[in-house]
Amino acid sequence: MNSLYVGDLHQNVTEADLNEMFSEAGPIFSVRVCRDRDTHCSLGYAYVNFYQQDDADRALLMFSNDMLEGRYLRIMRSDPDCTLRKSGVGNIFIKNLDKKSITNKNLYETFSAFGDIYSSKVVCDENGHSKGYGYIQYKTQEAADRAIEKLNGMLMDNEKVFIEHFMSRKEREEVLGAKAREFNNVFVKNLGRDTNDEKLIELFGKYGPTVSVKVMKDDNGKSSGFGFVCFERHEDAQRAVNEMNRKELNGRLIYVGRAQKKAERQALLKLKFGQKKPDPKAKYRGVNLFVKNLDDAFDDHRLRREFSAFGTIVSAKVMTESGRSKGFGFVSLSSPEEATKAVTEMNGRIVGTKPLYVALAQSKEQRQQYLADRYKQRLVSVMAVPNPIINSYQPPIPQVNPSFYSNVHIPQAQSHAAAYYFSNQLAQLSSSPGMMTVERIATQALGQRPHHPASADAATAMSKPRNSTFAAGDGLRNNPLLPTAVHIEVQEPHQAKAGQKSVPNTGA
């Protein structure tokens, strides 16, 4: 398996963030953050695929305890066959972990000595702080049994840890239910301040023999208003609960029920009230439409009438400011099917004088997140895909006209300065996409217009060049875009007599 599952991701984590992080372990084949089909928001997990198995194993060890966007990552090998993961085989629960020192990496390293680990996790809160418990799932049940046998009750960073086989919520509820059906100890509350042990025995002694009776007292020795009665038999305790619960005593309705340990009571309260409250906006998800590009004459009644053909309209509202339409509004239908049909048929339809834009409504946070994800993905794709226009561009090769140099008059005093300027300009020309020609550079250096051989007046003023030549600078000689040899011939101007040919000066 070359694929890793990366869970507990922050909503802002993108493919680019994971690619940058995991590429340190080796070449990555692909990265995919799983998103909601409608809102395009991250679901909190992703898959990272490597080319080599060794790179995936290395990444599992390197990043098991790393944080990204303030959250610890949960990393495990991705297996297409989910049978082992859902079976619960080899799954153990560890509690009473040190909240400051025990991390995912510490937990993995400690328990890996007993067998191959399929996944490990230290449960953290929204701020990334450990809650003091975690889970380990081994590939075999034998490895889980060895870990429980060797480490249960042992000290880990000065904290005594307790390890047991993992139980699902349904199994835990069944265990708690079994305990609830067999009890001897009864809890009594809402007692009067004058109630003591003797009065409590008098109240409950008629239901059967008791082991102990105790009214709890405060620091001043007065009753705290609650106490416990322990019966010898479960049947007696059950009869006392059935008959005494919510019975009036001295003007008070007392509560009588099964006594529970603090941990058990907290677990039951968590099961009862700890469920995530339903999102009040959830019932409108998939049925609420956003409509924009409305005419100024649109009002709530007109908006409802336009969409009434697609189903039952729950509400229709055009947003206004100072009594004037802002050009957009919302329509809520009774079912997702009706909303989908309305989007399909109304989006782009011209109503009045404008084409409508109709889409499923999103919250401000969802819309901002969607736009940010689109921007990041576009940025990554632009950087990753080669640009054929930029990569195929080749700077133009300067066109050198040899006949031009015989027509340029360069005074002897300016020859070296002009050659230096000419060589620098050609070096810049070779590295820029400009269209300036060599002739223009030379004439700029001389401050004169070029002379062409076709001009009769210029031809009579020209004389043959002398043999004194020099090469342009290193900027020309080492430039691969120019011809292998470029020379500027320098000549001294002189007046040729009419009807005579100019004779070159061959030197002494």
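## Overall make-up

The protein has 18 helices and 26 strands. The model is predicted. Of the 508 residues, 33% count as buried. Among contacts with a separation of 6 or more, 64% join residues 24 or more positions apart.

## Helix 7

Helix 7 spans residues 197–204. Its buried residues are Leu200, Leu203 and Phe204. Seen down the helix axis, these buried residues fall within an arc of 80 degrees, so they line one face of helix 7. Glu198 and Glu202 are on the other side of the helix, and both are exposed.

What lies over the buried residues of helix 7? The cover includes strand 13 (185–189), strand 14 (210–217) and strand 15 (223–231). It also includes helix 8 (234–244), strand 16 (248–249) and strand 18 (255–258). At the N-terminal end, Asn196 caps helix 7. A side-chain oxygen of Asn196 lies 3.3 Å from the backbone nitrogen of Glu198.

## The largest pocket

The largest pocket has a volume of about 2,000 Å³. Its lining comprises 48 residues. Phe93, Tyr133, Tyr135, Arg172 and Lys270 lie nearest the pocket centre.

Which elements each supply at least two residues of this lining? Strands 5 (71–72), 7 (91–95), 8 (117–124), 9 (130–138) and 12 (162–165) do. Helix 6 (169–181) and helix 9 (262–273) do too.

## Enclosed cavities

How many cavities of 30 Å³ or more does the whole structure hold? A search finds two. The second largest cavity holds about 90 Å³ of space. It is lined by 13 residues. Nearest its centre lie Leu60, Ser64, Ile75, Tyr108 and Ser120.

Strand 6 (74–77), helix 4 (104–111) and strand 8 each supply at least two lining residues of the second largest cavity. Strand 8 also makes such a contribution to the largest pocket.

## Cysteines

A search of the whole structure finds zero disulfides. Cys34 has 7% relative accessibility, so it counts as buried. Cys124 has 26% relative accessibility, so it counts as partly exposed.

## Thr39 in its loop

Thr39 is found in the loop between strand 2 (28–35) and strand 3 (42–50).

Which residues does Thr39 touch, leaving aside neighbours within four places in sequence? Its contacts are Gln362, Gln366 and Tyr370.

Most residues other than glycine have a negative phi. Asp157 is not a glycine, yet it has a positive phi of about 55 degrees. Asn158 is not a glycine either, and its positive phi is about 65 degrees.

Asp157 lies in the loop between strand 10 (155–156) and strand 11 (159–160). Asn158 lies in the loop between strand 10 and strand 11 as well. Asp157 counts as partly exposed, at 44% relative accessibility. Asn158 is exposed, with a relative accessible area of 73%.

Methods. Residues numbered from 1 in each chain as written. Predicted model: local features only at pLDDT ≥ 70, side-chain atom pairs only at ≥ 80, totals over all residues. Heavy atoms only, no water. Buried < 20%, exposed > 50% of the residue type's maximum accessible area, 1.4 Å probe, protein only. Helix = DSSP H or I, 4+ residues; strand = E, 2+ residues; numbered from the N terminus. Arc of directions from axis to C-beta. Contact = heavy atoms within 4.5 Å. Polar contact = N/O pair within 3.5 Å; in protein donor to acceptor, adjacent residues only side chain to side chain. Disulfide = S-S within 2.5 Å. 1 Å grid on protein atoms, 1.4 Å probe; cavity = no way out; pocket = protein on both sides within 12 Å on 5 of 7 lines; lining within 4 Å. Points joined across faces, edges and corners; volume = space filled by probe spheres on them.
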